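Here is a short briefing on one protein structure. Look at the model first, then work through the points by topic.

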Amino acid sequence: MTAKAPVDDIIEDATAMEVGEPRHWAAGVPGVTHSMVPAIKDMGLGRALTLLTDMNQKDGFDCMSCAWADPEERKTFEFCENGAKAVTWEATPVTIPTSFWAENSITSLEDKSEYWLGMQGRLIEPVYKPKGSDHYEPISWDDAYTLIAERLKAMDSPNEATFYTSGRTANETAFAYQLLARAFGTNNLPDCSNMCHESTGKALGEVIGIGKNTIAYKDFEKSDLIIIMGQNPGTNHPRMLTALEDAKRAGAEIVAINPLLEAGLIRYKNPQKVRGIIGKGTGLADQYLQIRAGGDGWLMKAISQKVFQAEDANPGKVLDHAFLDEHCQGLEEFRAHVKDLDQEMVLRATGLTQAQIDELAERYLRADKVIITWAMGLTQHRDAVRILKEVINLLLLRGNIGKPGAGASPIRGHSNVQGDRTMGIWEQMPEKFLAALDKEFGTTVPREHGYDVVKAVEAMVAGKTKVWISMGGNLVSAVSDTHAAEEGFRKVGLNVQISTKLNRNHLTVGDEAIILPVLGRTEIDMQAAGPQMLSVEDSVCAIHSTRGKVKPISPLLRSEMSVVVGIARALLGDDGPVDWASFERDYDVVRDHIENVVPGFTDFNKRLHEENGFILPHGPRDSRTFPTATGKAMITVNDLEYLECPPGRLLLQSMRAHDQFNTTIYSLDDRYRGIKKSRRVIFVHPDDLADLGFADGAIVDVHSEYTDGVDRAVHGFKVVGFPTSRGCAATYFPEGNPLVPLGLTALGSNTPASKGVVIRLEPAGTADGSDAAGAPGTLATAGR
């Protein structure tokens, strides 16, 4: 029986927005009510309790909303507000009926919001949009596989196909998916990591030899100082707040570095503790630095200079000489580089005072064990790779890598985005991995690097992509330069989306399109060998199992693994070197292959059944061994850029709202920032509003300025005065994505630089803003 979709009675226009005071604490009783009430209302009491009490448990399923690590000792309710919302979103009993496709044309659905599309319920049957039609219509699974295979075989080259992956795909499915693409003949394997932590992988890979977290979960409680940069854990990974609370109560100091004042960095009311229910909770940030967007590298370099100055004043007592001598190189070159650091440039780039910088330096110098943790507030700048190298420089100076309570801690978004990369979802996997694939399966996979996300969109716009296959995700909304992405997708011959819910990418299509509905992580995956489990890798390199707990919402659904195998068998047949049918029959078979191909997975099937799973080896963390070209950690000299912002302009960053997971919108509210009933908002410091001549609450059009001369704009946004750093502004993702040029990417990683876009505000309705004074922002390289 098909449940009825809820009526969308919320006006999304900015004029309907209600604005209140931003919060100065996170979670507490509201966190419980916003978790449990919707879950029970939408799923029913029994289904809600079954799922929420199994979520993130040792024999349960892994939360799909973030990659936060699990503690060894789990609580009964080991989930956060947004995790509960993600489960409610996925496990809803609402399904899309067959009649929906005849009643709704693609053209009519294009006018609906992401929120409305998701609220229609779960996809439960394969559908196909034929060439020349404006409607999807049901298609059988076998016919869908056959059609996909026929279109792939008809291409002139395998490189005319692209296989995209979102980070939610489990290890086993990701391994099979990349094998499918490479067995077919292409390395076009872009994924969501290209848009988030690619800069992390690039920077850390070059300087310490591995692009992953260097700490374990338990290191937070052992740390003396935790520096949180460019992230908002209260919204994006709320379970981190518990680890920060535990660290604070164990004696750690916490410094938050973020342009916006965020509730989850100020105070945490733990809803599972008495002090979080009836008390004040736990204050988190001992120092809160509202940095100018993009100034983080300059701040790290300034603190490094203070470390050298302290060493000069107390020779042999500040730098970790034993560690530096044995494990690092480049120290003296870096010392010389920062000696004459331009202090005025530091203050301009950071927007901070000298007193604030000195205070942070004092905290760093008196701490023996330091963790620096970051997210996309650092990785999505044009200069992101060099910014992150400065983070590592500072950590290395005092030996803060490879010892308990210290290290570099990038926090991932999707629950298995890191695992997907480990499994080979990358357009430029190293030769060692590709050679291991050939040896394991008797294949010869291609070596030519494929497309990352930005290059994939460029290829679509150029008409080079004939077939697009997406394992989850909603790339047209997630990627920068929305209009360019839409143009590209409409040129693709066949668009295949493997999905659980309807989204914008299902509507932005070319000649033909297919939607293949799959099981969610909450649902039991029954195959010939019995109920299957999968595995994921979290932010601290821990591998653990995930098992669905409830009956699938429809018998028509198939698992992601089944879909990969179905396409592979139709495309490559059953007589080739890969026994695809065995992959679907029993996922243990896939894990046996992973064990032979991917380092660190010895006895994979056996260890996955252990209570806490297992931790992948990590040289810098485990033994202070660095798999770089020289065998040592690299202290690097980086000439940082400074983004000039002309008068009358602001630096824009995009971000999530609280009721959001990537492009999935749970509601139109953001209670931590005081926003209700609309997402069409731009946050600006009140003093900047006064300087620009705009009243708080004015409706504006936002134009971005880039050197290509294209006028990119979003219209009808409400300006809200907000405690952010001067000269900076913020808006929600994906609404702000049209403002981010496709060509504006991080140097070295090609990640969209959505955290440093020069914008101007115009009164709503201004024709095109072309007569506005001033030049676009320019990047000036300042050597020191």
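Buried means under 20% relative accessible area, exposed means over 50%, and partly exposed is in between (1.4 Å probe, protein chains only). By that rule Arg649 is buried, because its relative accessible area is 10%.

This is a predicted model: local features need pLDDT of at least 70, side-chain atom pairs count only at pLDDT 80 or more, and totals for chains, interfaces and linings use all residues. Residues are numbered from 1 along each chain as its sequence is written, and side-chain values use heavy atoms, leaving out hydrogens and water.

**Salt bridges**

- A salt bridge is a side-chain nitrogen of Lys or Arg within 4 Å of a carboxyl oxygen of Asp or Glu.
- A search of the whole structure finds 44 of them.
- Arg649 pairs with Glu705 in a salt bridge of 2.8 Å, N to O. Glu705 sits in the loop between strands E29 and E30, and Arg649 in the loop between E23 and strand E24, so the pair ties together parts that are 56 residues apart in sequence.
- Glu705 is also buried, with a relative accessible area of 10%.
- Salt bridges link Arg649, Glu705, Asp711, Arg760 and Glu762 in a network.
- Glu253 forms a salt bridge with Arg363, with the closest N and O atoms 3.0 Å apart. Glu253 is in strand E7 and Arg363 in helix H19, so this pair joins parts 110 residues apart in sequence.
- Helices (H or I, at least four residues) and strands (E, at least two) are DSSP runs, numbered from the N terminus.
- Arg363 is buried, at 8% relative accessible area.
- Arg382 and Glu641 meet through their side chains in a salt bridge (3.2 Å, N to O). This pair links distant parts of the chain, 259 residues apart.
- Arg382 counts as partly exposed at 27% relative accessibility, whereas Glu641 counts as buried at 10%.

**Helix H2 and Arg47**

- Helix H2 covers residues 45–54 and includes Arg47.
- Which residues of H2 are buried? They are Arg47, Ala48, Leu51, Leu52 and Asp54.
- These buried residues pack against H1 and H3.
- A polar atom of the Arg47 side chain lies 3.0 Å from the backbone oxygen of Ala91.
- Just after H2, Asn56 takes a positive phi of about 65°.

**Helices H1 and H3**

- The axes of H1 (residues 28–43) and H3 (residues 81–90) come within 8 Å and cross at roughly 10°. Axes are lines fitted to C-alpha atoms, for helices over the stretch in contact, and angles run from 0 to 180 degrees between N-to-C directions.
- H1 and H3 are therefore roughly parallel to each other. Angles under 35 degrees count as roughly parallel, over 145 as roughly antiparallel, 65 to 115 as roughly perpendicular and the rest as oblique.

**Ile567**

- Ile567 is in helix H27 (residues 560–572).
- Is Ile567 buried or exposed? Ile567 counts as buried, at 2% relative accessibility.
- Ile567 and Ala144 are 423 residues apart in sequence and 8.7 Å apart in space, C-alpha to C-alpha.

Methods:
Polar contact = N/O pair within 3.5 Å; in protein donor to acceptor, adjacent residues only side chain to side chain. Contact = heavy atoms within 4.5 Å.
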